[in-house]
Amino acid sequence: MKKEIIIFCFSFFISFSQEKAATYLDVQLFRGNVYKHTDDIGHLITGHPDGFMLSYNWKTFGKKEWQQVYNYPEYGISYHYLDFKNRYLGVNQAIGVHYNFYFFNRQLMLRISQGIGMTSNPYDKENNNKNNAFGTKIMDNNYFLLQYKKENIFDKIGFQAGFMLTHFSNGRFKAPNSGINTFAFNVGLNYNFAEKQEFIKDSLPSKETYKEKIKYNIAFRTGISEGPVPHLGQRQFYHIGLYADKRIGRKSALQLGTDVFFSRYLQDYIKFVSVAFEPTHDSYTKADTDYKRVGLFIGHELFINKFSIETQLGYYVYKPFNYETDIYQRVGVKYYIYKNIFSGVGLKTHGGRAEAIEATIGIRL
């Protein structure tokens, strides 16, 4: 799945290749804790993780309508280094692309990032079998920042501080994959490379004038996953989404639809369970149990230029094999290649447990 994430990152910057904008650099230090989202990672929490982050950012000033609508956001690329203070986990590094959004007179900044990460100590059956969090060296990484930010305090140097949540997981591309969530306090400095520019404040059309009919979407999602038990084997999965959405303004659309899941790794896991447990055991299931699942979901899509951020909450209405919870979530980023054709990368989870990194192609009619 790392190829799909790299393609997404490349598309992110291609979409802005024609725009000239002021830039700045920020450097931050952070220290925090690993969130214990499941009991089986308790042995991986032995200290307070710390690290640093370097980010290069491009500003927008309102040359396009969407920039004014979103209060002149920024986009950029970042690198962060995280030492878990645990001999099994080692250190992680990540590079990603991000958006910065501003609130309260541009003193509060929210950053959303998607990228790829790498661990120094992945799971190894012989040499590192205690690391049940990272089954592969290359992983998906997402992080969020919420910070107070002030620019140009001393000439072109500014200050920022706040909180960070970073998530590393391979999306069960290969078992084991409990994943690690780290929340931390961070503090840093920023440096502007250009002189201060004024925002363009054109009058925007009234919100009431923005109307759009109900749209119908078909999304095909695929990738590779492995069951929760190591060495069962990686299998291709196919997830098909059929849903309707209704724009409720320039920024947002509400969704309602259904998912059909052909997660072929479950076939291997069902066979494993059928022989690993006695028929009287709570986890036992028959080898011919249907692996397919069907879910209903509601969702929200936040449109940002040619990109959008999609979040969905679903419930399985058909799930013969008792696997994970009945509720699932999806969060992803979409890029509209043409007006009605989109691609994207998403993460399907059950609470804090990732199930799949999905590469998506779809159409919105």
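Reader: Is K149 buried or exposed in this model?

Author: The model is predicted, so local features are taken only at pLDDT of at least 70 and side-chain atom pairs only at pLDDT 80 or more, while totals for chains, interfaces and linings use all residues. Residues are numbered from 1 along each chain as its sequence is written, and side-chain values use heavy atoms, without hydrogens and water. Buried means under 20% relative accessible area, exposed over 50%, and partly exposed in between, with a 1.4 Å probe and protein chains only. Because the relative accessible area of K149 is 3%, K149 is buried.

Reader: In which strand is K149 found?

Author: Strands (E, at least two residues) and helices (H or I, at least four) are DSSP runs, numbered from the N terminus. The run that covers residues 138–154 contains K149, and this is strand 6.

Reader: With which side chain does the side chain of K149 make a polar contact of 2.5 Å?

Author: A polar contact is a pair of N or O atoms within 3.5 Å; within protein, one must be able to donate a hydrogen and the other to accept it, and residues adjacent in sequence count only if both atoms are side-chain atoms. The contact of 2.5 Å is made with the side chain of Y24.

Reader: Which residues does T325 contact, leaving aside its neighbours within four places in sequence?

Author: T325 is found in the loop between strand 13 and strand 14, and its relative accessibility of 42% makes it partly exposed. A polar atom of its side chain lies 2.8 Å from the backbone oxygen of I327. Contact means heavy atoms within 4.5 Å. By this rule, T325 is in contact with Y316, K319 and H350.

Reader: What is the phi of D155, which is not a glycine?

Author: Most residues other than glycine have a negative phi, and most peptide bonds are trans. D155 has its place in the loop between strand 6 and strand 7, and at 68% relative accessibility D155 counts as exposed. Its phi is positive, about 60°.

Reader: Which residue does a cis peptide bond join to A175?

Author: The loop between strand 7 and strand 8 holds R172, which is buried at 4% relative accessible area and has a positive phi near 60°. The cis peptide bond has an omega of about -5°, and the residue that it joins to A175 is P176.
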